[in-house]
Amino acid sequence: MFSTLIVPVDGTPTSEAALPVAAGLAHATGAALVLVRVTDTGDTPEQAVAHAYLARLAASDVLRGLAVTSSVRQGEPAAAIDALARDAGADLIVMATHGRAGLARALLGSVTEQALAHSSVPVVVLRAGAQALAPLTTILVPVDATPGSMAALAVASTLAGATGARLALVQVVPPLARWGRGWGIALGWEEEVRETAQQALDSLAARLRQQGRVADGYARVGAIAPTIAALAAETSADLIVMGTHAFTGPKRALLGSIADEVVRKAAQPVLLVRQVAANE
């Protein structure tokens, strides 16, 4: 289970929004927190300011009662964060994002995006304005039978075992594109696929219940990311756990990312388990 959580902060209210979520996870799992500030240079005044800033956060009410240490690193933020995660033996990184989308995000860059793309551990991402993490009662897990989603389910199941949270499994069936209709595909195709997906989810939920988890399955037809976000609200989920390929840059802008869209649309924090490419 999680024993050490890394929380990158940069002095902005957006980055500090990750603190209540990290605190909630730490309280739920007994994990320690490591606050990190990455500086541009190793200048003594800048380092001193960074250390003072982290000390103030560590002593804040939101982190009261938790084991908190801090680290000031220098260099490229994403690389520095990942290096600290490795050095500290961290299990999870918790960070906020400004939530830029599309080409603007690709051109302007995003520390969160780069950290996720290169992280050796899962990353909890929350957008500005996302809800604070309450005691975990329901974890929503999108599944699609890919290795990435199964890895995410393993993480979610472990977290559910530690907290007693219910697992809400969801599989979304994309609606048949308008141009595909009338090509000999039966009108009931979407419902047939949904029913098949529901049967698979029911079977998966039954296996999880045999392992002592509380689990239910929901198969829905609709646009994937909005449907996941809507079901998270419907089930009163506290956290979404899902897999991602973590594309970056223009590739992300052109191909899009379901995980990225869920982060931007859902009110809940999203724990992303990166699917590592074969050549990494």
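This is a predicted model: local features need pLDDT of at least 70, side-chain atom pairs count only at pLDDT 80 or more; totals for chains, interfaces and linings use all residues.
Start with the whole chain. The protein has 280 residues, and 47% of them are buried. Its secondary structure comprises 11 helices and 10 strands. Now consider contacts between residues at least 6 apart in sequence. Of these, 77% join residues at least 24 apart.

Next, find strand β4, which spans residues 92–97. The strand is mostly covered, with 6 of its 6 residues buried. Look at where the side chains go. Leu92, Val94 and Ala96 point one way from β4. Ile93, Met95 and Thr97 point the other way. Both sets are buried.

β4 has strand partners to trace. One is β1, residues 4–8, which runs parallel to β4 and is joined to it by 2 bridges. Another is β5, residues 123–127. β5 also runs parallel to β4, and 5 bridges join the two. In β5, its bridge partner is valine 123. Isoleucine 93 is also among the buried residues of β4.

Now move to a pair of helices. Helix α9 covers residues 224–234, and helix α11 covers residues 258–265. Their axes come within 9 Å and cross at roughly 40°. An angle counts as roughly parallel under 35 degrees and as roughly perpendicular from 65 to 115. α9 and α11 are therefore oblique to each other. Their crossing is right-handed.

Which residues of α9 and α11 meet? From α9 come Ile224, Ala225, Pro226, Ile228 and Ala229. From α11 come Ile258, Glu261, Val262 and Lys265. By class, this contact has 7 nonpolar residues, 2 charged residues and no polar ones.

Finish with a single residue. Alanine 117 is found in helix α6, which runs over residues 111–118. Is alanine 117 buried or exposed? A residue counts as buried under 20% relative accessible area. Alanine 117 has a relative accessible area of 9%, so it is buried. Now compare its place in sequence with its place in space. Alanine 117 and threonine 244 are 127 residues apart in sequence. In space, they are 9.4 Å apart, C-alpha to C-alpha.

Methods
Residues are numbered from 1 along each chain as its sequence is written. Side-chain values use heavy atoms; hydrogens and water are left out. Buried means under 20% relative accessible area, exposed over 50%, partly exposed in between (1.4 Å probe, protein chains only). Helices (H or I, at least four residues) and strands (E, at least two) are DSSP runs, numbered from the N terminus. Two strands pair if DSSP finds at least two bridges between them. Axes are lines fitted to C-alpha atoms, for helices over the stretch in contact, and angles run from 0 to 180 degrees between N-to-C directions. Angles under 35 degrees count as roughly parallel, over 145 as roughly antiparallel, 65 to 115 as roughly perpendicular and the rest as oblique. A crossing is left-handed if the near helix is turned anticlockwise from the far one by less than a right angle, and right-handed if clockwise. Contact means heavy atoms within 4.5 Å. Ala, Val, Leu, Ile, Met, Phe, Trp, Tyr, Cys and Pro count as nonpolar, Asp, Glu, Lys and Arg as charged, and the others, Gly among them, as polar.
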